[in-house]
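Have the structure open beside you as you read.

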Amino acid sequence: MSLWNAVIVGLKEIWAHKFRSLLTMLGIILGVSSLIAMSALVTGMEKGAKESLIAVGGLQKMRVEAAPLPVDQRHLRDFATGVTLRDVYALQRSAPEILEVSPQMRLDPQPTLAANGKTYRTWMISGVWPVQLEMMEHTVEHGRMFTALDNELARNVCVIGDGVRDALWGSPEETGEPVIPIGREMTISGYPFTVVGMFQHYESEQERKTRELAEAEAARLKAAGVTNSATGPKRSRGWGGSGRGGWSPFRMKNSTVYLPLNTAWLKLKAGLTNSPAEPKLSDMEIKVRDVGQLDLAMTQIRNVLMVTHRGIEDFSFRTQEDWAEQIGTFISNARLSGGIIAGISLLVGGIGIMNIMLASISERIREIGIRKAVGAGGLDIFTQIVVESTVIAVVGGLAGLATSIGLIRVITYVTPTDNAPIVTFTSMLLAFGASVLIGVLAGLFPAIKAARMNVIQSLRYD
Amino acid sequence: MALLELRNVSKIYHLGGEEIRALDDVSLDIGAGEFCSIIGPSGSGKSTLMHILGCLDSPSRGTIQLDGTEIQRASTRELAQIRNRKIGFVFQFFNLLPKLNVVQNVELPMIYAGIGGRERRERALKALEQVELTNRLKNRPSQLSGGQQQRVAIARALVNDPKIIFADEPTGNLDTHTGEVILALFRRLSHEGRTVILVTHNPEIAAVTPRRIEIRNGKIADKVDDRLAGLDRTPLLSGAGH
């Protein structure tokens, strides 16, 4: 019996028991579609996580920050210089693997910002050079970044993220029209500063979708004549401010306040602490020329810094490698758990096929006997049963591919805040391949059973 | 040399420690072109004999030669091939596949012989012509009368041009008249030179064959039943001509 004949027989068998076959296929259909949907969701999440990584500069960026001395150098503590602007100049001149160095002086403890009768504290307030703008992938949407001259003259100017604007002047949702506070006055620890620039609003794909949805909802309510959709009195919803919950690099960027480094040093830091005359930085953001040469760049930086620090290692490196690895681990975990669940449902589908094939051969004992009596060998019967179960799985797999598209739509509809799922060809191929394999495996046992049936007994069977 | 040669063939079943000899030391020759019947009451061992002769089963002891080939040691796979090429079966309950139409049922043995689609169709139609059933090719077995179904089964038995045709109670499920038509068909096949073996418990049917082999308690009875010897077989075939 040729394979083609067996496939035709298999298809006829499915057609002869339409409902039963559909129920049998359902397991495979669900398994395949959940496998594809799961993979699409995880791929979407992966993309979202990588977006975050890129938003803070990607792997190309690293940070050198002040750190406690190693144990064997503890006695040299008093000679440690800390990270200073001298390091920045030295690195700019002597480390060719470095593209850019941006010094940063965090204000710690965080000073209070006040304007418009409101106060706000942000953990992202620091004195920087204008180069920090590119380093942190910031974009000034309104006004300007302060200049080197502003820094040189230690002017009282600052650039803020729109999260700061939201806190002090009100978010667009509250005020209706977005407030652009360029040229307005704000105090930092009581010193008056002029806001010269504001960054664009940073958000992930997910946050953008949520916001657009909320806006659409608000517009709908407005059209319906509902003026105030807020429930109960206005309240703070706990840590994290505006209520969207959780920490994200985008939120962090939105709450940023940048002042010129010299301003931060001379006006805010020198007077507050008993630090030495040389400006001590909290850290340096460094962009390397080539991600592949990260180790070489770090060696260069270390060599330069060991000279400027007179051999005292009071600094440490922080790269985004850990974060990238965390993303990788998280994604592979999500893939694994989703894969296990989808795999189990495929397995259940396979068991369903095996069950129905066993039922099918026991109701076709006589048919098998007849086929054998007219000359079918065990192998012919075996092939027929395996092909039939494979055909069920293949048809189920194809239906599953079609269903997965619908399933993804449903998931996107139910949870629109999720990262947009991305269906990959590989996942479709994998899911389909798995369903075919399961079909073959599920057919094996019933096929062996059918092939071993005794001719005479099966001919007599009623 | 005879087409079928059985030498000291026994078939022994073990049922709860008890030994049952369904066939006991049977030796038998059936020549090419013979038209013979195997008769005996139920439980006599005639079905076992037919199964062994028809390569559906292997003997416990003894040797069988079919068309010069020793088959007592053949594997199930080889037995299937022999059934496919050299033997045609006709059963009491027709044993057609209900999901296939007439032509597909007749084509079935050729599928396992690996014959291509077009030749299968041609040969199936030819075989159906031989049994005079050419007008209901696309019908399912359930849409045919008993006699028509049995003719489809005979066409299926003929289609691979076998040396031997076994018919196990071929008229057992048919009315007398239809039975006569079917028997006449076997007779014609015999005239055309095929070896036809009828298995039956009915002496009247056995009477149509020139040779009768009677089985009793797993052995071939020495003498054919007296009632059979006395029967005149002409009336049975009158009116069933072709």
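Predicted model: local features only at pLDDT ≥ 70, side-chain atom pairs only at ≥ 80, totals over all residues.

The report below looks at strand pairing in chain B and then in chain A.

**Chain B**

Chain B has an open sheet built from six strands, and its pairing is mixed. Going across, the order is β6-β7-β8-β3-β9-β10. At the edges sit β6 (87-90) and β10 (219-220) of chain B, each of which pairs on one side only. Helix α5 of chain B, residues 146-158, packs on this sheet and touches both β6 and β7 (164-168) of chain B. The direction of α5 makes about 170 degrees with that of β6(B).

Within the sheet, β3 (residues 35-39) and β8 (residues 195-200) of chain B run parallel and are paired over five bridges. To find this pair on screen, look for B:Ser37, which stands opposite B:Leu198 in β8(B).

**Chain A**

Is β11(A) mostly covered or mostly open? It is mostly covered, with five of its six residues buried. Strand β11(A) pairs with β1 (residues 61-66) of chain A, and β2 (residues 98-106) of chain A is joined to β11(A) as well. In general, strands of a sheet pair through backbone hydrogen bonds.

Here are the pairings side by side:

| Strand pair | Sense | Bridges |
|---|---|---|
| β3(B) and β8(B) | parallel | five |
| β1(A) and β11(A) | antiparallel | five |
| β2(A) and β11(A) | antiparallel | six |

Definitions and conventions. Residues numbered from 1 in each chain as written. Chains lettered and ligands numbered in written order. Pairing = 2+ DSSP bridges. Helix = DSSP H or I, 4+ residues; strand = E, 2+ residues; numbered from the N terminus. Contact = placed C-beta atoms within 7 Å. Axes fitted to C-alpha atoms, helices over the stretch in contact; angles between N-to-C directions. Buried ≥ 20, exposed ≤ 12 C-beta atoms within 10 Å, placed from the backbone.
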